[in-house]
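Reader: I've got a model open and I'd like to learn how to read a few of its features. Can you walk me through them?

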Amino acid sequence: MKLSITIMVAVLVVVFAIGVYVLIKFRRKKGQTEIPEQVEGNFKLEIIWTVIPLILVFILAVPTVQQIFAFGDDHYNEKGSVQVKVTSHQYWWEFEYPQYGVNTAQELIIPTGKNIAFELKTADVLHSFWVPSLSGKMDTNPDGTINRFSFSTDKEGVYRGKCAELCGASHALMEFKVKAVSPDSFDKWVTAMKAPAVLPKDQALAETFKNSCLSCHAVGDQGGPVAPNLTGIGSRESVAGILLNEGQDGGKPVKENLKTWLEDPQAVKQGNKMPAPKDLGLTDEQIDGIADYLANYKLEY
Amino acid sequence: MAHAHSVKRHKGLMDWLTTVDHKKIAILYLLAGGLFFGIGGIEAILIRLQLIKPMNDFVSAQTFNELITMHGTTMIFLGVMPVIFALMNAVIPLQIGARDVAFPFLNSLGFWTFLFGGLLLNLSWIMGGAPDAGWTAYTPLSTHTYSTTHGVDFYTVGLQIAGLGTLIGGINFLATIITMRAPGMSFMRMPMFTWTSFITSAMILFAFPAVTVGLVLLSFDRILGANFFEVANGGNPVLWQHIFWIFGHPEVYILILPAFGVISEVIPTFSRKRLFGYSSMVFATILIAFLGFMVWAHHMFTTGLGPVANALFSIATMLIAVPTGIKIFNWLFTMWGGQIRFTSPNLFAIGFIPTFVMGGVTGVMLASAPADYQFHDTYFVVAHFHYVIVGALVSGILAGLHYWWPKMFGRMLNETLGKLSFWFFIIGFHLTFFVQHFLGLMGMQRRVFTYLPNQNFDTLNLISTIGAITMGIGVIFFLINAIVTATKPKGVANDPWEDGRTLEWAIPSPPPEYNFKQIPLVRGIDAYWKEKMAGNKEMTPAEPIGPIHMPSPTILPFVMSVGIFIAGLGFMFSKESFSNSFMSLIFNNWIVVIIGLVITFGSMLLRSLYDDHGWHIEVEELEEEGVKA
């Protein structure tokens, strides 16, 4: 990539230099009436500006092909790789770790220093899985054209992930986070994810949560797989991928973000599949209770 | 003038609806293309206004997707293509020394099908929602499951009808250029604009059937419940991407080649030198067209085609840089040693070169698949293709329009307004799109209706929007220029730029309806320049003065297109449940489709059974005009 930029800037400089020289030197002066020499062409020059670009293309082609094949290697079943099955939905991301039996959404936790091998597919339309700071992007296709690729990072931190293929109204808002943590923390996170579900302490609220939310969502070992897994949502960096929590630039408290979402999901992400809690018959109080419960559902890792 | 032939000549609106004269069809193309270009431009401004600041709510997400889809589709199929056809129609027969195109009837049919297809597509705005799946209409997003309005139906049916017009036009120009060149004009003496139009027409011939097939399959999926792209039933959405880009990439070259041709006419004229390396230019054009068909999968590097395909398509794509480079250097060396005049057409032509070079180098960067994994579907791509399609192509078109305007209308465009529109256009353009390279590199993906703050996107997007408005002002200056000029009296010389080189400058501006009283004899490349240098004021005629055979005007192409339009609408709404029982009756029982097809096929039958041998302009009338001139 750097090589290509260098070559291209050099080409630009040469062409622009010739261009500027010509435009200054060969303007038509006042009173100039004689006819300039009608040059047909120049065989030597033609050869020069055919061969030099050919050489440049060749210089660029060699590393390109090398990298294409390196990128195309399948590390999915290699020892030491952390497998992640990514399933894209309108408009959220599901991350399954088949080696650990863990399923989460919107926030991909990865251990540093290890090769993360992805298997990408979509549950509906095409999306494209992209973490700009860590790697290139790869489309998520339906069954039959499933893609694999991998990347790794040594630096702990939170990275921004995006959907890069037009996927409907809220395509722009289909963001997610990648959190790279130390291998120790990663193991702790896996253990915490597999712990039994923590439900609201208030019995009535727990019932409401089970009936209204867990028919699609899941926490720990309870609930369904249709909608994003909510286990430990209180310790994530964002709600719904785009309402950033405290600690991020311009972030707001988790609970506030959860309430914004729960009060009117369509206002946050037009065209998403979640029914508004109010339409399910939840009162403001119950929404507040669930937001409070989810905000405090944190994982230690 | 009309004394002997008043029967054959219509007046007013009827004249325009029935004309088969390539010069009038050119003006129709220009008006219709200009109209759609304006609509697409307004859509672009709305897009930029939405993106002026983060989390803006100027338009909704759904509306935004409709805007980007219609902006892309309109600009490519209905804005730029017809204006190119306008130039081709206005200039090609004159450049090759012909009295019209090979099939004047088809020429008219091509225009009307294009117009009705375009109108059908744009009707979607007022008939329940525009298409919203991007101009690429990737499945499954564009299938009935995920796009439930009739938007994408308008897209598939509208583009099929408009595409018919383009295909007809392409075939017509192929036949015209092959068969109707004046005596002495061998292929290697053809002006470059004729050459590039010839190659473009050949590309249309091969590329448009591909997209037509794709659109037919998609409309069958959506309207008749076929399963070409339905995964659950064994269909494959990646198939759509292949079909679309097998058309889509050549389409880019279909658009840009005629602009290359314009530049190759304008620069020699205003440098007072012949085109440097003519034969290498011809060769480069053919090579670009050939390679253009071999690179479609570079739009699909992230689809997951595997390393072998990605490597091959990477290298094939990079190779295109070589013939394009040849062209750039040839233009530069045409100016070398010349006497450059900075008229408004030449300003646009000179502005074309650096802009196109920048679009070209980013193209090579994108061609490298590993880098494309990052660039793909970001604003870097948006910047790249706008550099090529707007900065270069539209500059080329504007250069051509300023250059041939006196030939088309008999009036010079105002130079001051022309220069103003150039500077506003080019500065606005670079302001809009240069910063988008960086937005892409910083991680802004394309087709987003908004973006979160704190990503360093805000200032660059603001600059981009200001640039778009500046560019809009440039276009408005051009519009004012056209209107102001139209109010001035006609009467420019045959060769208003004084250094015209090709045949069109040897005849009056605008030319009489038969173009050449006597078909000229061509004695070399740049035929008119050659005669001028030999001290002749006119071309040597290749035939004596005699009666000229002309095709009759006819309303049939217009009627046929109306029929196709009605059938298309009927097909789209055939499964709709209407509240009105009469509407249900005529749509759900295919009655509307049948009416439309009867109109079209009836007109075709009429055309086949009724022999129209055309008419003649007699020698006396020619001489009478000769005296006047």
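Author: Helices here are DSSP runs of at least four residues, numbered from the N terminus. The model is a predicted one. With that numbering, Asp100(B) sits in the loop between helix 3 (61-95) and helix 4 (104-123) of chain B.

Reader: Is Asp100(B) buried or exposed, and which side chain of opposite charge is nearest?

Author: Buried means under 20% relative accessible area. Asp100(B) is buried, yet has no salt bridge. Lys23(B) is the nearest side chain of opposite charge, 6.2 Å away.

Reader: What is Asp100(B) in contact with, leaving aside neighbours within four places in sequence?

Author: Among them are Val20(B), His22(B), Thr176(B), Met180(B) and Asn515(B).

Reader: OK, now the surface. Which residues form the negative patch?

Author: Patch residues have over 30% relative accessible area and no salt bridge. Here Glu618(B), Glu620(B), Glu623(B) and Glu624(B) form the negative patch. Glu620(B) belongs to helix 20 (residues 619-628) of chain B, and Glu620(B) counts as exposed, at 57% relative accessibility.

Reader: And which residues make up the nonpolar patch?

Author: That one consists of Leu3(A), Phe43(A), Ile47(A), Val51(A), Ile55(A) and Ile59(A), with about 550 Å² of accessible area together. Helix 2 (residues 43-72) of chain A gives the largest share, five residues.

Reader: Why does Ile55(A) count as partly exposed?

Author: Partly exposed runs between the buried limit of 20% and the exposed limit of 50%. Ile55(A), in helix 2 of chain A, counts as partly exposed because its relative accessibility is 45%.

Conventions. Residues are numbered from 1 along each chain as its sequence is written. Chains are lettered from A and ligands numbered from 1 in the order in which they are written. This is a predicted model: local features need pLDDT of at least 70, side-chain atom pairs count only at pLDDT 80 or more; totals for chains, interfaces and linings use all residues. Side-chain values use heavy atoms; hydrogens and water are left out. Patches are made of residues with over 30% relative accessible area and no salt bridge: like charges are joined within 9 Å, nonpolar side chains (Val, Leu, Ile, Met, Phe, Trp, Tyr) within 5 Å. Accessible areas come from the Shrake-Rupley method with a 1.4 Å probe; for residues, only the protein chains shown count as cover. A salt bridge is a side-chain nitrogen of Lys or Arg within 4 Å of a carboxyl oxygen of Asp or Glu. Lys and Arg count as positive and Asp and Glu as negative; His and the chain ends are not counted. The place of a charge is taken as NZ of Lys, CZ of Arg, CG of Asp or CD of Glu. Helices (H or I, at least four residues) and strands (E, at least two) are DSSP runs, numbered from the N terminus. Buried means under 20% relative accessible area, exposed over 50%, partly exposed in between (1.4 Å probe, protein chains only). Contact means heavy atoms within 4.5 Å.
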